[in-house]
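Student: I have just opened this structure and would like to learn how to read it. Could you walk me through a few features?

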Amino acid sequence: LSTSSCPKVCIVGSGPAGFYTAQHLIKDVEVDIYERLPVPFGLVRFGVAPDHPEVKNVINTFTQTAKHSRCSFYGNVNVGKDVTVGELQGAYHAVVLSYGAEGNRRMGVPGEDLPGVYSAKDFVGWYNGLPSCRELKPDLSCETAVILGQGNVALDVARILLSPLDILKKTDITQPALEALAESRVQKVLIVGRRGPMQVACTIKLREMVNLPGTRPEMVTADFEGVSEALKVPRPRKRLTELLLKTALDAPRDKELERRRNVAKVWGFRFFRSPTEILADPGRSRTAGIRLAVNRLEGSGDAARAVLTGEVEDVSCGLVISSIGYKSLPIDPVVPYDSRRAIVPNSVGRVHQAALYCSGWLKTGPTGVIATTMNNSFDTARSLLEDMDSGALDVSAAKPGSQAVSSLLEERVKPVAFSDWEKIDSLETRRGDACGKPREKLLSVEEMLKAAWS
Ligand code: FAD
């Protein structure tokens, strides 16, 4: 297909969902990707932990897609503000929304807004250089940190809080985060969950935490009562539970015992606990602890429910990080939005509005790894191509595509092209080279734009 005769589709958001949707579509259509920030790749840049560089290799595939003759990238364009979804619908045969889940779920407990309480979303954004989290400057002057939630993001946060600096300084963690962590007094991290060991949301990635140099695990043995008798579960859950059991119950031998004796930093899961209040210091100026309700389980397996026992327990801590989930936000009133589930309602990516589709975390809710996002984005792309074939998506009339949008944007904002991003990229990698890191990220939109247009 020549570019001019291609149907024109635009994608909103350049995270894994945007890029995987584009990758599948460019065989048959021309794709323009609009991204709010001057830099692409969404949570691959701003979510994935700095000590997981191998996960970021997907960027190579995304870059190939971005450089394809039928794909264009327009960064620095905030859809819903700089251009409306209606305007995009006027310019393209179809619009795919892939703008992720940028909000966070609140705990809904008193004291949640005290200094010393952060969402994992902001904390992760801070150490990964998300411009909006630049000023977070978390106070790490306390000894104990409590993380609420037991998923992989909670583990990332715990690892970053406790990792030896020698490990972190070879990663692309931001310099201000590295400096703050160098001064950190956090010695103990408790990872709290409503339910029990058989319900933890993290994956076998827990192994990294168990093996983290300079730290030792400390669990509550009683939490594991009956767990070893309940191992008839699917294999991933079985492996994870076995690791938990081994970590909690097995007495460490010789070398490991010696290693654990010599480390100061401690982490552990705390099960069957829900937050009811963040406790303030006497001056009410900052976090001094957290009140946890003690739960018991009703039922078993994934379906088990946490039920309050009426007992509570106070834990002293100066830092609380809530890692209870991300949440998609509505960006434009013309787009249907299910506020209860915080997604755009859809069937296999088809939004119940002509020529509108969605993929990624916006489509499914904020769960799953990049591979899950890839599959659901390919599904959405397939739905769109099927609709084109069946005539359900009308591509007969010519559409102006980026030409129309560019003239709208002229008065509003200047987009960043993929080649502009490559200038940012090369500046960041050069800055990284100078200090032995894979990259030193630019931390503000202004700096990014300056580098892009230099
Ligand atoms: P996102 O990656 O969030 O991309 C959305 C994009 O849309 C962003 O670039 C955003 O700037 C843009 N956008 C938002 N609003 C607008 C707008 N109005 N206009 C234009 N653009 C907009 N998965 C793994 O496989 N391995 C890991 O190690 C891993 N670590 C993770 C760590 C964290 C802390 C988190 C939160 C997730 C992690 N994941 C990991 C999961 C993975 O990041 C997600 O599966 C994936 O990023 C979801 O892709 P997405 O494109 O739907 O959303």
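**Strands, sheets and a ligand**

Tutor: Gladly! Please keep in mind that this is a predicted model. Let's begin with a pair of strands: strand 7 (residues 144-148) and strand 14 (residues 319-322) run parallel and are joined by 4 bridges.

Student: Which residue of strand 14 stands opposite Leu148?

Tutor: Opposite Leu148 you will find Ser322.

Student: In what order do the 6 strands of the open sheet come?

Tutor: Reading across, the order is 6-14-7-8-10-9, and the pairing is parallel. Strand 6 (117-119) and strand 9 (215-217) are the edges; each has a single partner strand, so one side of each has no neighbour in the sheet. From one strand to the next, the twist averages 20°.

Student: And which pairing does the open sheet of 3 strands have, parallel or antiparallel?

Tutor: That sheet, with the order 11-12-13, is antiparallel. Its edges are strand 11 (273-280) and strand 13 (305-316), and because each has a single partner strand, one side of each is left without a neighbour in the sheet. On average, neighbouring strands here are turned by 20° against each other, direction ignored.

Student: How many bridges join strand 12 to strand 13?

Tutor: There are 9 bridges between strand 12 (residues 287-298) and strand 13, and the two run antiparallel. As one example, Asn295 has Leu308 in strand 13 as its bridge partner.

Student: What polar backbone atoms lie by the ligand's own atoms?

Tutor: For polar contacts, look for pairs of N or O atoms within 3.5 Å. A backbone N or O atom of Val79 is 2.9 Å from a nitrogen atom of the ligand. Oxygen atoms of the ligand also take part: one lies 3.2 Å from a backbone N or O atom of Gly368, and one is 3.4 Å from a polar backbone atom of Gly42. On its own the ligand has 1000 Å² of accessible area, and the protein covers 94% of that.

Key: Residues are numbered from 1 along each chain as its sequence is written. This is a predicted model: local features need pLDDT of at least 70, side-chain atom pairs count only at pLDDT 80 or more; totals for chains, interfaces and linings use all residues. Side-chain values use heavy atoms; hydrogens and water are left out. A polar contact is a pair of N or O atoms within 3.5 Å; within protein, one must be able to donate a hydrogen and the other to accept it, and residues adjacent in sequence count only if both atoms are side-chain atoms. Accessible areas come from the Shrake-Rupley method with a 1.4 Å probe; for residues, only the protein chains shown count as cover. Two strands pair if DSSP finds at least two bridges between them. Axes are lines fitted to C-alpha atoms, for helices over the stretch in contact, and angles run from 0 to 180 degrees between N-to-C directions.
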